[in-house]
Amino acid sequence: MTGAVTDGRIQRGNETRRAVLGRAVELASVEGLGSLSIGRLATDLGLSKSGVFAAFGSKEELQLATVRAARRIFYDAVVVPAEQAAPGLPRLRLLCENWLAYTQGKVFPGGCFFQSVSAEFNTRPGPVRDVLAVAARDWEGLLVDLIRTARANGELRPDVEPEQLAFTLIGLMETSNAHALLLDDPTRYGRAATAITHTLTSAGA
């Protein structure tokens with residue numbers, strides 16, 4: 001009997017955590033991680049504050065868990081579908097296409113979750129900034145690795161510098177998201193897609 005009670009509590013705790021994180025990633029993508037509070041999330045979801053607090057323990061842990069949840073959503077939306085393409089230029093192109101679709105399709109209400117929240121923590125050392133920095137480095141690293149593979153495959157010129165090309169592609173993607181949201185102009189995503197195509201074509205072998 002004790003085991004069944006314990007299992008039930010664990011299940012309820014997991015359900016609470018999933019519900020809170022689902023709402024948290026939505027809020028943070030629009031209003032930032034600083035907008036998150038245990039009280040607000042409890043009210044939004046009709047949960048007890050004590051139950052939400054028990055699931056996270058502190059605002060910082062809530063923020064960290066929200067970033068981790070957002071990374072999983074991003075990975076499933078952008079990275080996993082691109083794995084159907086061959087490593088190198090085909091997968092690189094598909095990653096860029098998926099990123100633009102992810103932001104334009106509002107997987108997160110605020111567009112790119114990481115672009116939305118990173119500005120809050122750029123100059124604020126601590127665990128949240130650290131985990132956001134890891135996410136940024138991992139995304140850039142993925143592009144760099146695919147560019148190196150494409151170069152080794154003969155799909156890109158030998159003189160292409162992987163870090164520079166990755167920086168350019170990320171800049172085009174993030175600018176399209178920022179301008180599309182600020183100017184309420186979704187055509188910016190199409191402009192970015194055209195610019196990315198031109199950039200990769202220019203770098204082609």
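## Aromatic pairs

The count of aromatic pairs comes to 7. They are found in a predicted model. One of them joins Phe-74 and Tyr-102. The geometry is edge-to-face, with 5.1 Å centre to centre and 85 degrees between the planes. Phe-74 sits in helix α4, residues 59-82, and Tyr-102 in helix α5, residues 89-104. The pair therefore ties together parts that are 28 residues apart in sequence. Phe-74 has 11% relative accessibility, so this residue counts as buried. Tyr-102 also counts as buried, because its relative accessibility is 2%; the cut-off is under 20%.

Phe-74 has a further partner, Trp-139. Their rings are edge-to-face too, at 5.3 Å centre to centre and 90 degrees between the planes. Trp-139 belongs to helix α7, residues 127-152, while Phe-74 is in α4, so this pair ties together parts 65 residues apart in sequence. Trp-139 counts as buried, because its relative accessibility is 11%.

## Ring cluster and a charge over a ring

Which residues do ring pairs link into a cluster? The members are Phe-74, Trp-99, Tyr-102, Phe-108, Phe-113, Phe-114 and Trp-139. Phe-74, Tyr-102 and Trp-139, described above, are among them.

Another ring, that of Phe-121, has a charged residue over its face. This residue is Arg-124, at 4.4 Å from the ring centre.

## Nonpolar core

In soluble globular proteins, nonpolar side chains tend to be buried together. Here, the largest nonpolar core has 62 residues. Which residues have the most contacts inside it? They are Leu-33, Phe-113, Phe-114 and Met-173. Phe-113 and Phe-114 also belong to the ring cluster.

Phe-113 reaches well beyond its sequence neighbours. Leaving aside those within four places, Phe-113 is in contact with Val-25, Ala-28, Ser-29, Leu-33, Thr-66, Val-67, Ala-70, Tyr-102 and Phe-108. Tyr-102 and Phe-108 are in the ring cluster as well. Leu-33 is one of the residues with the most contacts inside the core.

## Asp-185 in its loop

Where is Asp-185 found? The residue is in the loop between α8 (162-182) and α9 (187-203). Is Asp-185 buried or exposed? Asp-185 counts as buried, because its relative accessibility is 19% and the cut-off is under 20%.

The side chain of Asp-185 makes a polar contact with the side chain of Arg-188, at 2.9 Å. Not counting residues up to four places away in sequence, Asp-185 touches His-179 and Ala-180. Leu-172 is 13 residues from Asp-185 in sequence. In space, their C-alpha atoms are 15 Å apart.

## The whole chain

The protein chain has 9 helices and 0 strands. From the N terminus on, its elements run α-α-α-α-α-α-α-α-α. The C-alpha atoms fill a box of roughly 65 × 40 × 30 Å along the principal axes.

Of the 205 residues in the protein chain, 38% are buried. The chain exposes about 10600 Å², and carbon and sulfur atoms supply 54% of this area. Among contacts between residues at least 6 apart in sequence, 64% join residues at least 24 apart.

Notes
Residues are numbered from 1 along each chain as its sequence is written. This is a predicted model: local features need pLDDT of at least 70, side-chain atom pairs count only at pLDDT 80 or more; totals for chains, interfaces and linings use all residues. Side-chain values use heavy atoms; hydrogens and water are left out. Rings of Phe, Tyr and Trp (its six-membered ring) pair if their centres lie within 6.5 Å; planes under 30 degrees apart count as stacked, over 60 as edge-to-face and the rest as tilted. Helices (H or I, at least four residues) and strands (E, at least two) are DSSP runs, numbered from the N terminus. Buried means under 20% relative accessible area, exposed over 50%, partly exposed in between (1.4 Å probe, protein chains only). A charge sits over a ring if NZ of Lys or CZ of Arg is within 6 Å of the ring centre and within 35 degrees of the ring normal. A nonpolar core is a set of buried Ala, Val, Leu, Ile, Met, Phe, Trp, Tyr and Cys residues joined through side-chain atoms within 4.5 Å. Contact means heavy atoms within 4.5 Å. A polar contact is a pair of N or O atoms within 3.5 Å; within protein, one must be able to donate a hydrogen and the other to accept it, and residues adjacent in sequence count only if both atoms are side-chain atoms. Accessible areas come from the Shrake-Rupley method with a 1.4 Å probe; for residues, only the protein chains shown count as cover.
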